[in-house]
Amino acid sequence: MTRTRSSRTASIRRGSLMAFVAATSLVGAARATDEVVYWNNVLLDEFRTNFGTGCPCPLSRAGAMTQLAVFEAVNSIARQYHPYLAFLDAPSTASKEAAAAAAAHGMMVSLFPATAASLDAKYAARLALILNSQAKTDGIAVGQAAAAACIVLRTNDGSQNVETYTFGSNPGDYIPTPPGFSGLCNPEWKDVTPFCMSSGTQFRLTGPLGFSVMSDLLASPGYAAELNEVKDVGARVSGSRTDEQTRIAYFWANDVNGTYKSPGHLFYITQVVSADHSLTLIQNSRLFALVALAMGDAGIAAWDMKYATDIDLWRPVSAIRAADTDGNPLTDADPSWLPLNAFSPPFPAYVSGHAMFGAAHAGVMAEFFGTDNVTFTVDSEDPYYNALPTNGPRTFTKFSDAAWENSISRLYLGVHFRFDAADGYIAGLALGHEVGQNFLTPLCRSDYNHDAFVTGEDFDAFVVDFEVGSLAADFDGNGFLTGEDFDAFVLAFEGGC
């Protein structure tokens, strides 16, 4: 709870500093290039080069750890949001840019030791852009501390476990899929420690079409309808799939090695929306951390439904080729059927990981911007999409619309049933909103000294920083210190919290 001391009014202090504000039209240097976005792009390069298995969960974990370290470092200096762990010791004058760079670099060197030399070179180049000073030294120190704290946090999170998986032999059970008939991705991920969820089961749904028993699912008319739908619209050669559905299928795919994969595509979209809204470094540190935390948990939640329930569901290619074994009179087998996609991902179909990641992203974005109704235009680096004669950017007017298109794209690609997409979308949205509402939330801005009370001491502390030109008093977070910062603080102070 906060309280406001009224014995010393903001208007009196404001009047006493007008001469100072008038004489000092600008204090501080221009804002540096956004380190959050720069290092997010470095992370996407690592996704392209270090993950060739097609398994998205390690990517989402790496993203969550990297962006969380950056946030903890920057926020320990800015003190604008509740920390994920705890505030690190950091002077308010420390360089946020140096802190972000050191945190990202320290985390990624730990995650991607094979590319340490390249990461070191990028780090040195970025630090060279920051003027040597005590602020830079302090920023580096807090960034390194943030990376170290996040590494310790996730050292025994279960991601390094290797679980032996026994393939089922009954109709409906997941089996390796053509053309590679490869094994499967990360069955142990269902047991990885969540970032924000209370457990991996928190957003688990009953099962496909509400069924929790495989034989009941396969015998249902709803299952037959969905199998026949993907058999038609998701086929390699389909007479009913429209050109627009083909574009949607490939736009969101990014299954091919060398792309930034699905989590990377969502980070790229975050970059575009951030630029459209001219977010500050501090705002970006929070936004990218929230997105990353939600996607980190989306992988765990999706893999819980894939591997920890009684339905480890076969992919459409297996279901259609063996439809004569499912016991449903409404399905017919096609032993040569192939999906539009070049391969089916090597893990059970229910639920769609793409849908979970995309919807979790949408939920966080809507919470961050205070509305789902945001227009943005984005592209894709999927090579099959860019080979289409009608490729190019796509425009969306809602985060949820983009997430649903991402979800349903997997049906058009022939690698998921509609219920995989729908349930992944439902669970992912719930997860995203949960993270966006309850994590890294804003502190009371007028509680300047962070003692949980708003008193004259907060006003005095702000005035001291403002009078000496400290960017700690950059209340609007734009990298400059002007009278607008003073006015913004006064307004917040008069409102209490």
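Predicted model: local features only at pLDDT ≥ 70, side-chain atom pairs only at ≥ 80, totals over all residues.
I began with helix 18 (residues 456-467), whose 12 residues at 1.5 Å a residue should span 16 Å, and its end C-alpha atoms are 16 Å apart, which agrees; the expected span is 1.5 Å times one less than the number of residues, and helices here are DSSP runs of H or I of at least four residues, numbered from the N terminus. Residues are numbered from 1 along each chain as its sequence is written, and side-chain values use heavy atoms, with hydrogens and water left out.

Staying with helix 18, I looked up its buried residues (under 20% relative accessible area, with exposed over 50% and partly exposed in between, for a 1.4 Å probe and protein chains only), and found Gly-456, Asp-458, Phe-459, Phe-462, Val-463, Asp-465 and Phe-466. Just after helix 18, I found Gly-469 with a positive phi of about 80°.

Next I turned to Cys-497, which lies in the segment after helix 19 (483-494) and counts as exposed because its relative accessibility is 56%. From Cys-497 to His-433 I read 64 residues in sequence and 23 Å in space, C-alpha to C-alpha.

On a 1 Å grid over the protein atoms alone, a cavity is a set of points where a 1.4 Å probe fits but cannot get out, a pocket is an open set with protein on both sides within 12 Å along at least five of seven lines, and lining residues have an atom within 4 Å of a point. Grid points are joined across faces, edges and corners, and a volume is the space filled by probe spheres set on the points.

Last, I looked up the second largest pocket, with a volume of about 300 Å³; of its 16 lining residues, Pro-58, Arg-61, Leu-111, Ser-159 and Gln-160 are the closest to its centre. Helix 4 (57-78) and helix 5 (96-111) each give two or more residues to this lining.
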